[in-house]
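Thanks for coming. I will go through one model, starting with a term and then moving from confidence to helix packing to the annotated sites.

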Amino acid sequence: MPGAIPNPLRNFLDRRLPRVAGPSVLVLFGVTGDLARKKLLPAIYDLANRGLLPPGFGLVGVARRDWQDEDFARLAHDAVREHARTPFREDVWRQLSEGVRYVQGELHDDAVFDQLARTVRELDTQRGTGGNYAFYLSLPPKLFPTVVTQLKRSGLADSDGDAWRRVIIEKPFGHDLQSAQELNAVVDDVFPPSAVFRIDHYLGKETVQNIMALRFANTLFEPLWNRNYVDHVQITMAEDIGVGGRAGYYDGIGAARDVIQNHLLQLLALVAMEEPVSFTADAIRAEKEKALSAVTLPSDLATGTARGQYAGGWQGGARVSGYLEEDGIPSDSITETYAAMRLGVNTRRWAGVPFYLRTGKRLGRRVTEVALVFQRAPHQVFSQTDVEDLGQNALVLRIQPDEGVTLRFGSKVPGAAMEVRDVTMDFAYGQSFTESSPEAYERLILDVLIGDPPLFPRQQEVELSWKILDPIEEFWAKNGRPEAYSAGTWGPSSGHELLGRDGRQWRRP
């Protein structure tokens, strides 16, 4: 259309033309784990079902179980049947399963990786996968160095000609700054930075990507997105479940390392960053890194942070166990299941605006949201009784489970009296679009196979996040046990006091 203004977000966020992966092999380490069964294998099928994987695609599972190719194919089939987002189609599965292979053995065994090398090269010949390999490490972090070193020894990490090699690393990226740097040194010795994809599945969610669209594709919000209008920002990830079968991983890690270091600090970066000069991966990362480098800690960590551990209680009408009563949890564990903190962002845009982050298990309900709470009107012409129940305006970005955006503002109540009450305007993805949102792992796996990296944090972001969290973790380690809170509530009293001292309170999602 003549005179039309190009939308700079279109290439990154809209992408009306489907992107299809080229010929490639995805090698999945840890195929028998919950992540592979519930998320990764269904996502691969959903991509195939949407026509986004080529006929020349191979999937190789690596694990210790004494299986044959058909055993792994059966596991994948059952996982797809149970967890796939799109309908099961026999013809799609048949084509996908023809490229399924399995390699059995221990990860420290050279013979396993020699067999893996032969398997992927056979797929190059049989399926035309072109020598393009992506290695997905769905494994405990302690095994990453072993696998990466074996990939180098066996020659699997060496690209030939135009073929590519990529490695996908699941969080956590270390457990502190030092271990993150050590892990990166191992990976950098084998793969160039452009071939390393650090998966944070939250960045694949449509609603997280919509933060950039909301800010930079609209003139309505960006002028208000600063200290002149925003009173504070709340970022919440609440779960109503306990640790369940993750006790072995979770204990000693805790809520802050598990969620705040990656998910919530990434959300903070997207909210606080300046507009990038373009929507390329490097430009977006540069602005996120600037935002993270400007984060400041509370002057007093005792009053500026809170941690808790859930005790037994009632949730959903059922009695649930406390953290110390869960299978596999030591009775003297001081691992926190609730963490909250007040951070600042020392930039011209955000100076003086507190960012409150919280996460926890066994809270009131499952919800993830970002709320920008605006300042009160500087001059209130209404009488106090007219607006006694009126809260502050708020823009709430709902990440899950009811994806959308809510705007809260005051409106007159119908009638003769001048009474103002809070009302909400609501946008819901499910009601506004006929297209269903793909799962985060669909988007991220496709981006890896295509080589599109905007949604993957690079090492600098990881290190900046640990620099924020490490001093808090060190302070907590020296200051006794986390405060107990009853399951089904919204956390310990110290979490509420974190805002209460500032004359604020947490939103009730």
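By helix I mean a DSSP run of type H or I with at least four residues, numbered from the N terminus. With that in place, His263 sits in helix H10, which spans residues 254-272. UniProt lists His263 under "active site", in an unreviewed entry. Is His263 buried or exposed? The cut-off for buried is under 20% relative accessible area. His263 has 3% relative accessibility, so this residue counts as buried.

Before going further, a word on confidence. This is a predicted model. The average pLDDT for the protein is 88, and 91% of the residues score at least 70. Where pLDDT is low, predicted coordinates should not be read in detail.

Next, a helix pair. Packed helices are described by the angle between their axes and the distance between those axes. Here the pair is H2, residues 34-49, and H3, residues 69-83; their axes come within 8 Å and cross at roughly 90°. H2 is therefore roughly perpendicular to H3. Which residues of H2 and H3 meet? From H2 there are Arg37, Lys38, Leu41, Pro42 and Tyr45. From H3 there are Phe72, Leu75, Ala76, Ala79, Val80, Glu82 and His83. By class, the residues of this contact are eight nonpolar, one polar and three charged.

Back to the annotations. The "binding site" feature in UniProt, again from an unreviewed entry, covers His201, Lys205, Glu239, Asp258 and Lys361. I will take Glu239 from that list. Where is Glu239 placed? Glu239 is in the loop between strand E7, 230-238, and helix H9, 247-250. Its relative accessibility is 18%, so Glu239 counts as buried. Leaving out residues up to four places away in sequence, Glu239 touches Gly360, Lys361, Arg362, Leu363, Arg365 and Arg366. Lys361, one of those contacts, is also in the UniProt "binding site" list.

Ser486, in strand E18, residues 483-486, touches Ala311, Gly312 and Arg362, with the sequence exclusion of up to four places. Ser486 has a relative accessible area of 40%, which means it is partly exposed. Its C-alpha atom is separated by 8.1 Å from that of Gly322, 164 residues apart along the chain.

That is the end of the tour.

Notes:
Residues numbered from 1 in each chain as written. Predicted model: local features only at pLDDT ≥ 70, side-chain atom pairs only at ≥ 80, totals over all residues. Heavy atoms only, no water. pLDDT = per-residue confidence, 0-100. Axes fitted to C-alpha atoms, helices over the stretch in contact; angles between N-to-C directions. Helix = DSSP H or I, 4+ residues; strand = E, 2+ residues; numbered from the N terminus. Parallel < 35°, antiparallel > 145°, perpendicular 65-115°, else oblique. Contact = heavy atoms within 4.5 Å. Nonpolar A, V, L, I, M, F, W, Y, C, P; charged D, E, K, R; others polar. UniProt positions renumbered as here; feature names shortened; annotations may be inferred. Buried < 20%, exposed > 50% of the residue type's maximum accessible area, 1.4 Å probe, protein only.
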